[in-house]
Amino acid sequence: MSEKASILKEYAEYVYERFGRTVEGLTEEEMRWKPTEASNNIEWILNHMARLSNLSLPRIIKGDPEFSPEGWPDDYRDQHHSLSKMLKDIEAGKKMVLEGVGKLTSAQLEEEISLWRGTRKRKVGLFAYLGELVHHNGQIAYVRGTYKRLNE
Amino acid sequence: MSGKIEAIKAFAQVGFDRLERATKDLKEEQLDWKSCPQANTIRWLLTHLSSELHSFVPKILKGDKGYKPEGWPDDYIGNKAYTLKKINADLDEGKKKLMKSLDKLTEEELAVEMDWFYGKRPKEAYLMLAISEIHHHEGQIAAILGLESRMKGVT
């Protein structure tokens with residue numbers, strides 16, 4: 001494994017480990033709770049994170065903007081999924097991401113790929129999307145913190 | 001600079017860039033807005049993050065859990081006397097300190113074990129935790145700002 005790939009893989013492992021701690025003890029009820037009617041709930045965030053892990057990140061790793069895992073439904077975003085299904089989907093995405101990142105060569109990480117209506121180095125896209133996972137992890141922690149304090 | 005430290009710096013920079021975008025139009029009165037009495041405020045999050053940059057990161061880099069920066073106030077986090085301008089200036093200073101400290105770091109130092117709240121882990125793991133706090137709390141700020149605009153019907 002190239003040094004750069006090993007760093008990114010370590011980082012991705014860390015991001016998912018942090019996510020695991022954030023959702024520890026999460027229930028279906030808490031997942032569907034909204035701070036206000038206008039707010040996103042954790043269900044929405046998990047659905048987004050499942051898509052980041054199974055679509056966005058693998059697409060960057062593979063350099064294939066159309067990639068979708070076998071059997072991945074086109075309407076995943078619009079469906080309600082159970083907590084256990086989304087956690088399972090994120091876990092499957094995590095495996096794909098870790099395996100994929102680990103196989104990237106230094107040259108592939110520096111390669112310019114199609115991204116955000118232009119081209120960017122693959123490593124830039126990976127950093128940005130892994131950062132996006134931490135960003136949403138923070139949102140889950142915010143909603144859980146509010147929910148906990150409201151129910152204390 | 002080693003590839004590992006270069007990558008940690010790049011990750012931190014992505015976080016700071018996101019934070020800058022999320023807070024660029026922030027107004028003084030938004031610092032203390034809450035969706036409900038139990039929710040956290042942007043003031044708390046920004047001062048907490050600043051405190052992490054000024055105090056938590058040096059603890060990790062020095063390998064000294066008890067380290068306290070000279071002159072850093074005990075009541076910094078959530079302090080309502082601070083203006084947005086001061087909070088932003090402190091954050092900027094914290095960012096500069098972090099980036100400068102990373103420049104001096106070696107891979108050998110990153111590998112040194114620390115026994116702290118997640119148990120025995122290399123210093124690198126605790127440093128990644130501290131840096132991911134930028135992304136983590138930026139996400140929370142974005143959530144509060146999104147919530148505020150939806151509740152007020154701005155968007």
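## Crossing of two helices

In this predicted model, the crossing of H6(A) and H5(B) is right-handed, meaning that the near helix is turned clockwise from the far one by less than a right angle. The axes of H6 (residues 122–150) of chain A and H5 (residues 123–152) of chain B come within 7 Å and cross at roughly 55 degrees, where axes are lines fitted to C-alpha atoms, for helices over the stretch in contact, and angles run from 0 to 180 degrees between N-to-C directions. H6(A) is therefore oblique to H5(B), the class left over once angles under 35 degrees count as roughly parallel, over 145 as roughly antiparallel and 65 to 115 as roughly perpendicular.

Residues in contact, with C-beta atoms placed from the backbone within 7 Å, include A:Gly131, A:His135 and A:Tyr142 of H6(A) and B:Ser132, B:His136 and B:Ala143 of H5(B). By class, this contact has 5 nonpolar, 12 polar and 1 charged residues, with Ala, Val, Leu, Ile, Met, Phe, Trp, Tyr, Cys and Pro counted as nonpolar, Asp, Glu, Lys and Arg as charged, and the others, Gly among them, as polar.

## A hairpin in chain B

Strands E1 (residues 113–116) and E2 (residues 119–122) of chain B pair in the antiparallel sense over 4 bridges, pairing being assigned if DSSP finds at least two bridges. They form a hairpin with 2 residues between them, and B:Glu113 has B:Pro122 as its bridge partner in E2(B). Helices (H or I, at least four residues) and strands (E, at least two) are DSSP runs, numbered from the N terminus.

## Confidence and conventions

The mean pLDDT (the predictor's confidence in each residue, from 0 to 100) of chain B is 91, and 98% of its residues reach 70 or more; the model scores ipTM 0.79 and pTM 0.86.

Residues are numbered from 1 along each chain as its sequence is written, while chains are lettered from A and ligands numbered from 1 in the order in which they are written. Because this is a predicted model, local features need pLDDT of at least 70 and side-chain atom pairs count only at pLDDT 80 or more, whereas totals for chains, interfaces and linings use all residues.

Terms used
Contact = placed C-beta atoms within 7 Å.
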